[in-house]
Amino acid sequence: MTQHHGDLRVLICEDEYLLASDLATELSSRGVNVVGVMGRVSEIKTAMESPDFAANAVVLDVQLLDGMALDLVAPLLAKGVAVVLCSGYGTRDLPPEFAHLPSVGKPTDTDQLLAALARFDRPHDTITAP
């Protein structure tokens, strides 16, 4: 049974194509609106500058093809975009300034990710930068 996830529009930021593709397929099959998949910090920055940027939630791999993605967190939060960090290094190794953000490990457990995304799946949530 497919569950609808409100107004979530999720951008998956993952540099491993098969992981990104599988995650997009799994989330979509569970009723999440996946608006895209990107694997480079530069792509995400360009997309964020566009007036057509549709995501209101991002699953952000900490290390992408062209560098660390943590510098994207503050601009995403400032735009009102929810951020769930994803790391193969272990979420306990993240810098302390990101401790307030939900995070999942890799390989990503879809149920755990959906639970993290559910924190933002309410129409009146306000997401703010730390």
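The model is a predicted one, so local features are reported only where pLDDT is at least 70 and side-chain atom pairs only at pLDDT 80 or more, while totals for chains, interfaces and linings take in all residues. Numbering starts from 1 along each chain as its sequence is written, and side-chain values rest on heavy atoms, with hydrogens and water left out.

First, the confidence. The pLDDT score is the predictor's confidence in each residue, on a scale from 0 to 100. Its average over the protein is 85, and 85% of the residues score at least 70. Residues 122–130 are another story: pLDDT stays under 50 there, and the model has 13 contacts beyond four places in sequence for this stretch. A contact here means heavy atoms within 4.5 Å.

Now the overall fold. The protein has four helices and seven strands, which are DSSP runs numbered from the N terminus (helices: H or I, at least four residues; strands: E, at least two). Going along the sequence, they come in the order β-α-β-α-β-β-β-α-β-β-α. Among contacts with a separation of 6 or more, 66% are between residues 24 or more positions apart. As for burial, 43% of the 130 residues count as buried. Buried means under 20% relative accessible area, exposed means over 50%, and partly exposed is anything in between (1.4 Å probe, protein chains only).

An α-helix has 3.6 residues a turn, so residues three or four places apart point the same way. Ser 42 and Gly 67 are 25 residues apart in sequence, yet their C-alpha atoms are 9.1 Å apart in space.

Next comes the nonpolar interior. A nonpolar core is a set of buried Ala, Val, Leu, Ile, Met, Phe, Trp, Tyr and Cys residues joined through side-chain atoms within 4.5 Å. The largest one has 25 residues, and Leu 60, Val 73, Leu 76 and Leu 85 touch the most other members. Two or more residues each come from β1, α2, β3, α3 and β6 (82–87), with α2 giving the largest share, four residues. Leaving aside neighbours within four places in sequence, the contacts of Leu 60 include Cys 13, Ile 44, Val 73, Leu 76 and Leu 85. There is also a second, separate core of 20 residues, with Leu 8, Leu 23, Ala 57 and Val 104 among them.

Finally, the charged residues. Side chains of opposite charge can pair when their charged atoms come close. The whole structure holds six salt bridges, each a side-chain nitrogen of Lys or Arg within 4 Å of a carboxyl oxygen of Asp or Glu. One of them joins Glu 16 and Lys 106, with the closest N and O atoms 3.5 Å apart. Glu 16 lies in the loop between β1 and α1 and Lys 106 in the loop between β7 (103–105) and α4 (110–118), so this pair ties together parts 90 residues apart in sequence. Glu 16 is partly exposed at 41% relative accessibility, and Lys 106 is partly exposed at 22%.

Arg 30 takes part in two of these bridges: with Glu 26, the closest N and O atoms are 2.8 Å apart, and with Asp 111, the N to O distance is 2.4 Å. The second pair links distant parts of the chain, with Asp 111 in helix α4 and Arg 30 in the loop between α1 and β2, 81 residues apart. Shared partners also join Glu 14, Glu 16, Asp 61 and Lys 106 into one salt-bridge network.
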